Amino acid sequence: MQSAKRLLPVLAMGMMLLFACQPSGAAEPIRIGVAGPFTGSDASFGEQFWRGAEQAATDLNAAGGVLGRPIQLIKADDACEPKQASAVASRLVDRDKVVAVAGHFCSSTTMTASTTYADAGVLMITPGSTNPQITERQLPTLFRMCGRDDQQGVVGADFVVKKLKATHVAVLHDKTTYGQGLADAMKTRLHSLGQTEVLYEGLTRGEKDFNALVTKLKSIQADAVYFGGYHSEAGPLVRQMREQGMTAPLVSGDGIFSEVLVVSAGGPGFLKGVYMTFGADPRKIATGKALVERFRQNGYEPEGYTLYSYATIQTIAAAIQATQSQEGEKLAQWLHGHPVETVMGPKAWDAKGDLQVSDYVMYQWDDKGKYQEVE
Amino acid sequence: MDITIFGQQCVNGLVLGSTYGLIAVGYTMVYGIIGMINFAHGEIYMISAYLTAIFLALFTTVGIHSLPVVLLGVLVLTMLFTALYGWSVERIAYRPLRHSNRLAPLISAIGISLILQNYIRISQGARNQGVPPVLEGVFRLPPDSLDHRFVQITYLQSLIVVVALVSMAILTWIIQHTALGRACRATQQDRIMANLLGVNTDRIISTVFVMGAAMAAVAGFLVTLNYGSFDFYIGFLMGIKAFTAAVLGGIGSLPGAMLGGVVLGLAESFFAGFVNSDYKDVFAFSLLILFLIFRPSGFLGVPEVEKV
């Protein structure tokens, strides 16, 4: 009796192991990591990532999966923190054994996490990191679905100088890899257009009071402000500019491309004269029409990087299907040589992993909290 | 240099400093009475921002639109509920550790701060939240300036300065002239003796946490209305800045907290405005280090005398 009792836990453990092994008999899913800021002040971008990826996985699985196996997404939150990004990257590689990663969002996190993926030979496609340095390092398994800040900054600078006819341009950034990189790209273009910025300074992420900086902008009579950063700082910044009576336009990049900017500013009324660069609105591309409708039926507006994220999962799936392989190097090799049909139209990559065609255009906010392309 | 720019930077610094001061009061009072830094205080401030938005929405849905009633109602409710949080934090995280090692409540403070942050993140979502603009309007000097040469203060900014001053005055009066204040001061001077003389020191300590949280709520209310947006992470940076203000003013001193706040606010504004905003925080924290080295008791603090 005594020994039987002692055996019981062992038996139970054995049963558990048996059950734990069971699912491996069925078609094992192909794991893809989705990494981005699902918490923190950039969480709205993380939501765009997840919504897009989730929908793509659902659609692909409904159509029979990849190589006859379902796709399983693994969510990894980096909170836009480089340190945390490195930790979740290791987790995705070592524990979850993902085949590929769709992510990250913030350029600073993509920079740190990408080396982990590259070392492990895991394919990484970032739907939204735009810092030029990311692909300049020529990691063989790294691609992006979006443009680069040196393209984005050029569009921004051209717009400020040629369309807005500004002569006293102030360039601000938030001291992040993305924000400062974008501001630098804009500044370089500004110089080649024969202008010098009247101010080039950084502000602190997480703060809400930029009144001192705004007063300074006023005192140097800036007639246009370019900001490299995210909406959580752009919102208060533009609000305080308007409150202090500054009507100068604020121009920024994809980091503020979200309707959450209205919330960050505390009302749509402050957003008149705010401009931002982003890829040509993917919602208007014919190939994505049906998908956009489906998102809207579910009560979600697929703005910003949602469709980029969808296209990223499609691309990963296409590469796996075409090569019949799950090795990062093989997938990457294939992607370097073959264009992929995505929901955003055909996409092709150069040797560095950048898109061959970039399509940055300027958008303009109105005082109703909506944005549209500048004619 | 243009005098209006200088004046405007003074206003910017004063407004910012007033909010620092209001939060610094919580640090300084708690330090004064039990000699520990309440690192969860920044989160209490963050929670008050959410409460402000919730009560504002509540008043609008109920259908009360009279601005003074709404503002006062929201302020009082926010103070009440935030005070409840302050009281609970003390009860849960600090009181059981009252007689343990000095480090224990410090660790517990960091723990409760993480818990509060994540509780808000999970229950309210991680996205930025905002409130619609209220009380729009501005005083300008000179009032009919056509170009940009004027000094201005918005109604809300002046409200921040006035409310900060008034609540500081009320608090100082409570501490100096009421029975409760006397009990607070007695507990601060010698907790055991106060206890022997019939002061319920546990209750006094609770009261101090409640008052500190209520002041943080005043700041949270004003800041939320003024800047319009907040997220679950705002308590961190604000907490550090307010703590700096408390040390600058002399930790343990009430008027010192307000003074420290205003000095810090002005220092930040002037540095960002006339030197470089990149190094604004470096400047602020260098100031803190200099004070800790050369005058650890701050502007108004009394140098600590070894109790015999």
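In this predicted model, helices H5(B) and H8(B) are roughly antiparallel to each other, because their axes make an angle of about 170°, and angles over 145 degrees count as roughly antiparallel. H5(B) spans residues 155-177 and H8(B) spans residues 201-227, with the two axes 10 Å apart. On the H5(B) side the contact includes Leu156(B), Leu159(B), Ile160(B) and Val163(B). These and other residues of H5(B) meet a set in H8(B) that includes Met211(B), Met215(B), Val218(B) and Leu222(B). By class, the residues of this contact are 10 nonpolar, 3 polar and no charged.

A second pair in chain B, H1(B) and H9(B), is roughly perpendicular. The axes come within 8 Å and cross at roughly 75°. H1(B) contributes Tyr20(B), Gly21(B), Ile23(B), Ala24(B), Tyr27(B) and Thr28(B) to the contact. From H9(B), residues 234-249, the partners include Met238(B), Lys241(B), Phe243(B) and Gly249(B). This contact divides into 9 nonpolar residues, 3 polar and 1 charged.

| Helix pair | Angle between axes | Distance between axes |
|---|---|---|
| H5(B) and H8(B) | about 170° | 10 Å |
| H1(B) and H9(B) | roughly 75° | within 8 Å |

Chain B as a whole has 11 helices and 4 strands. Its C-alpha atoms fill a box of roughly 65 × 50 × 40 Å along the principal axes. Among contacts in chain B between residues at least 6 apart in sequence, 76% join residues at least 24 apart.

Chain B also touches chain A: 32 residues of chain B are in contact with 33 residues of chain A. On the chain B side, the elements that give two or more residues are H1(B), strand S1 (129-130), strand S3 (151-154) and helix H10 (254-275). H1(B) gives the largest share, 5 residues. The chain B side is made up of 10 nonpolar, 15 polar and 7 charged residues.

In chain A, helix H13 (residues 328-337) has Gly328(A), Leu331(A), Ala332(A) and Leu335(A) buried. These residues lie on the same side of H13(A), because they cover an arc of only 95° around its axis. Their cover includes strands S3 (100-102), S4 (123-126) and S5 (142-144) and helix H12 (306-323) of chain A.

Some backbone details remain. Most residues other than glycine have a negative phi, and most peptide bonds are trans. Cys80(A) has a positive phi of about 65° and lies in the loop between strand S2 (71-77) and helix H3 (82-94) of chain A. Lys175(A) also has a positive phi, near 65°, and is placed in the loop between strand S6 (169-173) and helix H7 (177-192) of chain A. Cys80(A) counts as buried because it has 28 C-beta neighbours inside 10 Å, whereas Lys175(A), with 15, counts as partly exposed.

A cis peptide bond joins Gly103(A) and His104(A), with omega about -5°. His104(A) sits in the loop between S3 and helix H4 (107-120) of chain A. In chain B, the bond from Leu141(B) to Pro142(B) is cis, with omega near -10°. Pro142(B) is in the loop between strand S2 (138-141) and S3 of chain B.

Definitions and conventions:
Residues are numbered from 1 along each chain as its sequence is written. Chains are lettered from A and ligands numbered from 1 in the order in which they are written. This is a predicted model: local features need pLDDT of at least 70, side-chain atom pairs count only at pLDDT 80 or more; totals for chains, interfaces and linings use all residues. Two residues are in contact if their C-beta atoms, placed from the backbone, lie within 7 Å. Ala, Val, Leu, Ile, Met, Phe, Trp, Tyr, Cys and Pro count as nonpolar, Asp, Glu, Lys and Arg as charged, and the others, Gly among them, as polar. Axes are lines fitted to C-alpha atoms, for helices over the stretch in contact, and angles run from 0 to 180 degrees between N-to-C directions. Angles under 35 degrees count as roughly parallel, over 145 as roughly antiparallel, 65 to 115 as roughly perpendicular and the rest as oblique. A residue is buried if 20 or more other C-beta atoms lie within 10 Å of its own, exposed if 12 or fewer, and partly exposed in between; C-beta atoms are placed from the backbone. The arc is that of the directions from the helix axis to the C-beta atoms.
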